[in-house]
Amino acid sequence: MDMARHLITSAIPYINGIKHLGNLVGSQLPSDLFARYMRARGHEVMFICATDEHGTPAELAAAKAGKPVEDYCREMHETQAEIARGFRLSFDHFGRSSSDRNTVLTQYFARVLGEQGLIEEKSEKLFYSVDDGRFLPDRYIEGTCPNCGYEKARGDQCENCTKQLDPTDLINPRSAVSGSTNLELRETKHLFLRQKTLREDIRTWIKSKADWPVLTTSIALKWLDDGDGLQDRGITRDLYWGVPAQFEGAPWTGMEGKVFYVWFDAPIEYIGATAEWADANGLDDSAWQRWWRTDKGAEDVTYTEFMGKDNVPFHTLSFPATLIGVNRAGGEQWKMVDYIKSFNYLNYDGGQFSTSQGRGVFMDQALSILPADYWRWWLLSHAPESSDSEFTWENFQTSVNKDLADVLGNFVSRITKFCRSKFGEALPEGGSWGEREDALIAELSTRLAAYESFMEAKEVRKAATELRAIWVAGNEYLQSVGPWTVFKTDPAQAAAQTRLALNLMRLYAILSEPFIPDAAGLILAALKTEDRSWPTDIRAALTHLPAGHAFETPEVLFRKIADEEREEWQKRFSGVRS
RNA sequence: GGCUAGGUAGCUCAGCUGGUUAGAGCACGUGACUCAUAAUCACGGGGUCGGGGGUUCGAGUCCCCCCCUCGCCA
């Protein structure tokens with residue numbers, strides 16, 4: 001296979017807390033699977049993620065924690081990075097949208113868009129808190145819901161009756177910051193991205209992506225055409241925490257004290273984080289520009305984005321609008337996404353996961369119960385691709401026990417222990433292959449090709465199914481040849497079978513690494529081999545380790561989840577996170 | 001209310017541009033094996049493909065109507 005260059009981004013998680021398993025399976029985990037696979041195939045990969053740090057919820061979360069927002073974000077970023085390492089997410093860089101790199105890039109994009117006439121200044125009346133000395137956008141304002149009478153409704157939505165609100169609808173509005181009711185409506189100016197004028201460009205671009213998942217294109221086209229069609233979007237807010245909207249060289253004035261809306265600067269952080277990666281590695285700008293600038297070497301890059309369906313509008317409309325607008329200026333040319341893989345939601349035991357309500361299993365809790373591989377396998381093999389899917393503890397227990405412990409783990413266990421007891425801890429010598437081995441090689445060759453094509457296509461569940469079938473083939477082989485019986489009459493033949501099975505174990509480690517990297521590492525360590533090269537020929541791969549090669553019988557790879565444990569977890573996570 | 005996606009064996013899901021007796025995993029039953037984490041392997045039972053019309057030689061697969069679930073928007 002030819003060497004290719006793959007830029008891969010995961011939707012960037014918001015900073016206001018630890019994410020739950022639904023967030024993980026929607027973007028970070030499948031993007032990691034893809035990145036690991038592409039690396040294993042020998043391609044050059046740039047895998048980027050970051051924390052999305054700006055905006056109202058971050059300020060509120062910091063205030064609740066009693067910390068300056070800068071400190072809060074720095075600490076939470078480190079927390080999220082640590083958990084990402086725990087899940088073995090193999091980002092080349094895990095950046096921060098509050099970085100200097102992102103600030104510079106965001107202001108640059110805004111300036112070019114402004115110079116292109118794609119940004120409009122508009123005035124509107126918003127609540128201003130005299131006591132707080134600031135405007136109160138979005139959720140900074142609370143009051144009584146005009147619909148249901150709930151007294152703590154927020155400016156954008158009532159949490160009680162879920163009705164969407166405009167801040168001016170609220171009865172007895174007050175500041176969420178100070179509780180002050182000393183509010184007045186004041187005229188304030190904001191910048192709007194003139195997406196309407198880019199509508200046809202965006203439509204043409206989306207229509208050209210015939211291979212995208214319907215989930216992606218249907219959401220995009222709906223926003224493009226629904227109602228009055230794509231609307232111009234306000235890209236500034238009256239906030240402290242964000243990228244300043246007034247800066248040197250800006251083609252507008254009077255935006256002091258305002259920042260760019262989080263959804264304007266967040267996707268730009270994909271680029272920012274790649275620049276941060278270059279900085280962190282002591283490389284110059286050309287190192288990251290060759291991934292993003294089609295006028296500087298990125299023309300042969302394949303760019304794939306992963307995200308949950310709630311993020312699709314921003315990645316199919318807003319961010320592309322920004323790039324199309326900037327590229328239209330004719331100067332610097334930026335790489336646009338080639339493929340958007342989107343996911344539905346993962347539900348939790350009959351309801352939804354909820355960060356704000358603390359419902360479900362959160363990433364840190366998951367790792368405190370079981371190692372990453374267990375979660376990775378279950379989540380990826382049940383990824384919500386065609387529709388929403390559901391996490392239940394029973395399903396988790398049976399899947400993990402059956403697939404990982406019984407099928408893969410036990411295969412490793414039975415062959416290593418058999419070899420140790422009959423031949424010692426080295427690949428035994430003698431014997432030859434026959435029809436049964438040819439049949440196994442034929443089956444594995446077919447299945448490997450299918451596995452590869454599912455991985456290329458980002459068909460996560462199908463790839464998992466195929467991988468499992470490959471594991472099963474090993475057990476079938478052992479069962480049909482029965483080296484423990486053959487050994488009694490023909491030890492040399494049993495040795496050939498055992499040697500093949502131990503090589504098969506190595507093959508499994510390589511193929512399984514994108515899904516379960518820790519187990520893959522343990523298997524290779526047990527086999528005392530470093531060679532992870534992807535198999536191009538099954539027959540050759542099954543003779544890779546020669547007779548005489550020493551190994552160590554590994555510990556149990558995957559322990560089983562007992563019924564009592566499952567019941568205990570079920571109970572522990574049934575309520576609300578404390 | 002508008003729109004998206006779904007509704008296929010007890011459970012979780014595959015079924016591409018319509019074509020032989022509708023598939024897989026789990027669960028269940030029977031058998032084989034005993035190397036192995038009471039693991040593995042084989043065989044089997046089980047579905048009027050949400051409901052009703054229609055197009056067609058032929059529909060889970062296309063068209064229309066209705067019901068239900070989920071989500072987005074209003």
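Start at RNA strand B: of its atoms within 4 Å of the protein, 77% belong to sugar or phosphate and the rest to bases. The model is predicted, so local features need pLDDT of at least 70 and side-chain atom pairs count only at pLDDT 80 or more, while totals for chains, interfaces and linings use all residues. Residues are numbered from 1 along each chain as its sequence is written, chains are lettered from A and ligands numbered from 1 in the order in which they are written, and side-chain values use heavy atoms, without hydrogens and water.

**Stop 1: the surface near the RNA**

Select the 33 residues that surround RNA strand B. A residue is near the strand if one of its heavy atoms lies within 4 Å of it. The closest are Gln352, Ser386, Asp388, Asn410 and Arg414. Colour by class: 8 are nonpolar, 13 polar and 12 charged. Here Ala, Val, Leu, Ile, Met, Phe, Trp, Tyr, Cys and Pro count as nonpolar, Asp, Glu, Lys and Arg as charged, and the others, Gly among them, as polar.

Now show the helices α6 (214-225), α13 (393-422), α15 (460-481) and α16 (483-489); each supplies at least two residues of this surface. Helices are DSSP runs (H or I, at least four residues), numbered from the N terminus. The largest share, 10 residues, comes from α13.

**Stop 2**

Look for pairs of N or O atoms within 3.5 Å.

- Lys402: a polar side-chain atom lies 2.9 Å from a phosphate oxygen of RNA strand B.

**Stop 3: α13 against α15**

Select both helices. Their axes are 10 Å apart, at an angle of about 40°. Axes are lines fitted to C-alpha atoms over the stretch in contact, and angles run from 0 to 180 degrees between N-to-C directions. α13 and α15 are therefore oblique to each other: angles under 35 degrees count as roughly parallel, over 145 as roughly antiparallel, 65 to 115 as roughly perpendicular and the rest as oblique. Contact residues (heavy atoms within 4.5 Å) include Lys402, Phe411 and Arg414 of α13 and Trp471 and Asn475 of α15. By class, this contact has 8 nonpolar, 3 polar and 5 charged residues.

**Stop 4: α6 against α10**

Move to α6 and helix α10 (residues 312-328), whose axes come within 9 Å and cross at roughly 55°. This pair is therefore oblique too. Thr216, Ile219, Ala220, Trp223 and Leu224 of α6 meet Val312, Pro313, Thr316 and Leu317 of α10. The contact residues divide into 7 nonpolar, 2 polar and no charged.

Conventions: Polar contact = N/O pair within 3.5 Å; in protein donor to acceptor, adjacent residues only side chain to side chain.
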